[in-house]
Amino acid sequence: MCFLPPVSQDARSPTESYFMWLWHSRLYLYSAAALVFGLWFLLKKKSVSKDASKEKNDKVDKAAKKNDRETKEVHVSGVKIFYGSQTGTAKGFANELSEEVKSLGLPAEVIDMKDYDPDDQLADECISKSVCVFLVATYTDGQPTENAEWFCKWLEEASTDFRYGKTYLKGLRYAVFGLGNSVYVGHYNTVCKNVDKWLWMLSGRRIMTRGEGDCNVVKSLNGSIQADFLTWKVKFLNRLKTLAKGEKKSCSGKCKTEGSCKNKRKERQEEEKKASPQNNSSEDDLVESSSDEDESGLPDEKKTVLDVEDLGNIMNSVKKAKSKEESQRDGQMVKLSKLNGVQKIEDEGERREMITPALREALTKQGYKLIGSHSGVKLCRWTKSMLRGRGGCYKHTFYGIESHRCMETTPSLACANKCVFCWRHHTNPVGTEWRWKMDPAEKILEDALEKHQNMIRQFRGVPGVKPDRYEEGLAVKHCALSLVGEPIMYPEINNFIRLLHHHQISSFLVTNAQFPQEIRSLVPVTQLYVSVDASTQDSLKKIDRPLFKDFWPRFLDSLKALGEKKQRTVYRLTLVKSWNVEEMQAYSELIALGQPDFIEVKGVTYCGESSASSLTMANVPWHQEVVTFVQQLADMLPEYEIACEHEHSNCLLIAHTKVITPSKPPKVCTKLHNVAHLKFLTTKEYLIHSYYLFGVSSH
């Protein structure tokens, strides 16, 4: 065998030696690599964490700076709500709006105008970034309410005073909502229009179009003044949100997106027109009532200067449109009632109900039992008194009417006056003609009797109530159409009276002497009253506050119409101390005009404090003062004598000598001899009762 000698290390190549070294040193190499990778990973992680922290801090800093910037840049610091109110409606709206504003996270303050000095404070609102809201009611003859008189007077004078300048209120952002009644033609929302105009003349900036609430449910755009305010309030709150965010004016329609905004705006305007077909705006609205927001949305061609002739054409077209609407509305009045000649609209479905939800709630709280959509019945306190065997009212003393068998009702809650002594504090609606939905007379009488009997039944078993009086009270024998409102306005009043007489129920009807034609067309009633609350034009306007512009000719014509009636008639005088008790000669002239059978003179009844009236207990005459007045008046009337007295009611009766037996002195029990006046009475019982009067000494 042959053996090869071993290879020495020196005989290896350098490359082989290098790889052999790497192989033998691999453990150290792996450790070094792991160490390096670990160091690199730690350094990398620290760098990334530092960058992330820096980025996060940058974001926090940016957010903080943005918040600081937004905090510093307040667009609306708060809302100040000013109100001018007489009956409390505007005040209630102000409080309601204040709660809504606060729910948006904005401070709100309700301010009574009488407690605010515009001369010292109003200019400060221009730089305070607040929004001022004015809720103002229009009072008698288009005048502001008592608490807003000074504010409006100052604003009017400042708007034309060169010392203030036309930019005195520049920067003031405001909105106006008015409370009025379109029945008062020529004075509808006059105050809110003036306030809006005066603020605008002083460079105030409207944030939205003026709102106008209408108490007349027939012409109210939304059915009632509460609904009008709600609609305006929603728009105001939306506008306020926009202002609070700092957003600028709405898009003008000049977008680069092919005019899509403009088209949307047109569509929205068309929808609004469809939603509100009635347009009650005046020519002044074209000049005064548009807000900056609305102006910004007008196309350029509408903003250009118009020629005078073109402006005239525009105004003529507006007038034609209004007259067309009115003619269409009047065109519906196409036929006369066969019952009493009162105009009626054929389409009852288009009419609104007289009693709104808010009015229904208020009247129900006062104890009314409402019937249908415009009638009511209520239990008189004298009815309750006589059920207990106690005394009756003055009608029992004067005419023998048994109070516990008397039903006090009305087929019309609406009235054409707003008398200062109204014992309902003007909670009932007003109007000059019938434009509401109408319930049939049969239904009204049926429900009135049922509700009256239900109220009587509540006295069954009550301590003190006489069983025989209770049974008699369930059978109504007399109806006093004097609860509230103007019964003669009801188009079916003649049918209603016939139904009463058919049910053997006598009738006393009271009217406020503003509907002479209706008095002439009225069928005979048991006794027809006319309220003569004053004897001169000025005092009648001050006391009754009538809605008709021609109230005085209507008043005189009503008295003439009463004199033409071949039935028993009565003047009812209500004495208001310091208002109408010194017009003796004028009263005697009015009595000569109508020649009533009886004259009831009564001291005004104080019904408590009311924001709608300035009457106090000082205006209530003492009974002796009423007696003195009646004695002086009777001395001026040779054909009349004092016949009876009811001290508890502060009332006296003067009777014409034709209804008093000459052989009997006036201060004893006397008998009526003019039977012709009473032929239409429906029951023998009331025929007998109405023949007798009780003397003063018998009271």
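Predicted model: local features only at pLDDT ≥ 70, side-chain atom pairs only at ≥ 80, totals over all residues.
## Overall composition

The chain contains 24 helices and 20 strands. Of its 699 residues, 46% are buried. Among contacts in the chain with a separation of 6 or more, 75% are between residues 24 or more positions apart.

## Nonpolar cores

The largest nonpolar core comprises 85 residues. Within this core, the residues with the most contacts are Val532, Leu573, Ile599, Val601 and Leu633. Helix α16, spanning residues 441–457, gives the core its largest share, seven residues. Another core lies apart from the largest one and has 27 residues, including Leu97, Leu106, Ala137 and Ile207.

The surroundings of Val532 can be listed in detail. Leaving out residues up to four places away in sequence, Val532 touches Phe555, Leu559, Tyr571, Arg572, Leu573, Thr574, Tyr587 and Leu590. One of these, Leu573, is also among the residues with the most contacts inside the largest core.

## Annotated span and surface patch

An unreviewed UniProt entry lists residues 27–43 as "transmembrane region". In the model, this span is 100% helix and 0% strand, and its end C-alpha atoms are 25 Å apart.

A nonpolar patch on the surface is formed by Phe37, Trp40, Phe41 and Leu42. Together these four residues have about 490 Å² of accessible area. Phe37 belongs to helix α2, which covers residues 26–72. The relative accessible area of Phe37 is 53%, so this residue counts as exposed, the cut-off being over 50%.

## Positive phi angles

Arg545 is not a glycine, yet its phi is positive, at about 45 degrees. Arg545 sits in the loop between α20 (537–544) and α21 (551–564). Its relative accessibility is 10%, and Arg545 therefore counts as buried, the limit being under 20%.

Asn650 also has a positive phi in a residue other than glycine, with a value near 55 degrees. This residue is placed in the loop between β17 (640–646) and β18 (651–656). With a relative accessible area of 11%, Asn650 is buried.

Conventions. Residues numbered from 1 in each chain as written. Heavy atoms only, no water. Core = buried A, V, L, I, M, F, W, Y, C linked by side-chain atoms within 4.5 Å. Buried < 20%, exposed > 50% of the residue type's maximum accessible area, 1.4 Å probe, protein only. Helix = DSSP H or I, 4+ residues; strand = E, 2+ residues; numbered from the N terminus. Contact = heavy atoms within 4.5 Å. UniProt positions renumbered as here; feature names shortened; annotations may be inferred. Patch = residues over 30% accessible without salt bridge, like charges linked within 9 Å, V, L, I, M, F, W, Y side chains within 5 Å. Areas by Shrake-Rupley, 256 points an atom, 1.4 Å probe, with all protein chains shown as cover. Salt bridge = Lys/Arg side-chain N within 4 Å of Asp/Glu carboxyl O.
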